[in-house]
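Here is a short report for a reader new to this fold. Look through the sequence and the model, then read on for strands, pockets and aromatic rings.

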Amino acid sequence: MVKKLSKFLAYTLFFIFALMVFIPKSSLYYLLEENIKKFDIVISKEALQENIFSLKVENLEISFKDIQGAVIEEADITLLFFYNSLKFENIKLSSLLEAYLPAKIQELQVTYTIFKPLLVKIEAEGEFGVMQAEVDILERNLSVKLQPTNIMLKQYKKSIKMFKKSQEGDYVYAKSF
């Protein structure tokens with residue numbers, strides 16, 4: 001019985017590993033790109049490079065309803081069975097968004113794990129400061145914790161007003177959707 005169970009587990013792990021390695025990552029990317037076109041979001045001028053466990057995308061230009069929203073220098077999409085991650089580096093936001101927050105974001109990372117399937121974690125660092133956020137899909141809650149920079153506190157007071165200052169000195173934002 002134990003021998004059959006260990007053989008089953010070994011085959012299952014081998015199948016999951018083979019799936020992670022041989023999944024057509026660029027095809028999944030193009031499928032995602034096609035699906036977000038329904039929301040008038042267009043990604044253009046990107047260059048794809050597949051690795052064993054990830055997909056590297058460079059020079060993405062994102063526009064929403066023909067208005068340029070952001071330029072992302074590099075994106076790394078890691079698709080593992082138990083852990084999935086999107087990591088964006090050197091993001092330059094459109095000048096239209098500069099009224100709400102600084103235009104440069106050094107790093108933005110979105111992670112999802114199968115162990116908590118209804119929770120998406122977001123971490124970002126940029127001229128605005130350091131941000132950690134969680135999106136609970138089941139409860140339909142968004143919670144954001146921001147450690148703003150002096151630039152954010154002085155020049156973007158309208159955006160900071162949406163946050164509440166906590167006892168630790170961080171700024172917290174919570175929203176149900």
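Strand 2 and strand 3 are joined by a hairpin through 3 residues. Strands here are DSSP runs of E with at least two residues, helices are runs of H or I with at least four, and both are numbered from the N terminus. This is a predicted model, in which local features need pLDDT of at least 70 and side-chain atom pairs count only at pLDDT 80 or more, while totals for chains, interfaces and linings use all residues. Residues are numbered from 1 along each chain as its sequence is written, and side-chain values use heavy atoms, with hydrogens and water left out.

Two strands pair if DSSP finds at least two bridges between them. Strand 2 covers residues 47–50 and runs antiparallel to strand 3, with 4 bridges. Q49 stands opposite K56 in strand 3. Strand 1 also runs antiparallel to strand 3, again with 4 bridges. There, S44 has E61 of strand 3 as its bridge partner.

Strand 3 then meets strand 4. The two run antiparallel and are joined by 10 bridges. L60 has I72 in strand 4 as its bridge partner.

Strand 6 pairs with strand 7 (residues 116–126) in the antiparallel sense, over 8 bridges. The hairpin between strand 6 and strand 7 passes through 2 residues. Y112 faces V120 of strand 7 across the pairing, standing opposite that residue.

Strand 7 and strand 8 (residues 129–136) are antiparallel, with 8 bridges. Their hairpin goes through 2 residues.

## The largest pocket

How is empty space found? Rolling a probe the size of a water molecule over the atoms shows where empty space is left. The search uses a 1 Å grid over the protein atoms alone; a pocket is an open set of points with protein on both sides within 12 Å along at least five of seven lines, whereas a cavity is a set where a 1.4 Å probe fits but cannot get out. Lining residues have an atom within 4 Å of a point. Grid points are joined across faces, edges and corners, and a volume is the space filled by probe spheres set on the points.

The largest pocket has a volume of about 720 Å³. Its lining has 24 residues, and L93, L101, I105, L108 and M131 lie nearest the centre. Strand 5 gives the most, with 4 residues. Elements that supply at least two residues each include strand 9 (141–148) and helix 4 (157–160). By class, the lining has 22 nonpolar, 1 polar and 1 charged residues. Nonpolar means Ala, Val, Leu, Ile, Met, Phe, Trp, Tyr, Cys and Pro; charged means Asp, Glu, Lys and Arg; the others, Gly among them, are polar.

## The second largest pocket

The second largest pocket holds about 620 Å³ of space. It is lined by 25 residues, with L32, I43, I77, L86 and F88 closest to its centre. Among the elements giving two or more residues are helix 2 (25–36), strand 1 (41–44) and strand 3 (54–64). Helix 2 gives the most, with 6 residues. The lining divides into 20 nonpolar, 4 polar and 1 charged.

## Aromatic pairs

The structure holds 4 aromatic pairs. Rings of Phe, Tyr and Trp (its six-membered ring) pair if their centres lie within 6.5 Å; planes under 30 degrees apart count as stacked, over 60 as edge-to-face and the rest as tilted. Y29 and Y30 form an edge-to-face pair, at 5.6 Å centre to centre and 70° between the planes. Y29 is buried at 4% relative accessible area, while Y30 is partly exposed at 42%. Buried means under 20%, exposed over 50%, and partly exposed in between (1.4 Å probe, protein chains only).

Why is the pair of F82 and F115 stacked? The ring centres of F82 and F115 are 5.8 Å apart and the planes are at 5°, so the pair counts as stacked. F82 lies in the loop between strand 4 and strand 5 and F115 in the loop between strand 6 and strand 7, so the pair ties together parts 33 residues apart in sequence. F82 is partly exposed at 36% relative accessible area; F115 is exposed at 64%.
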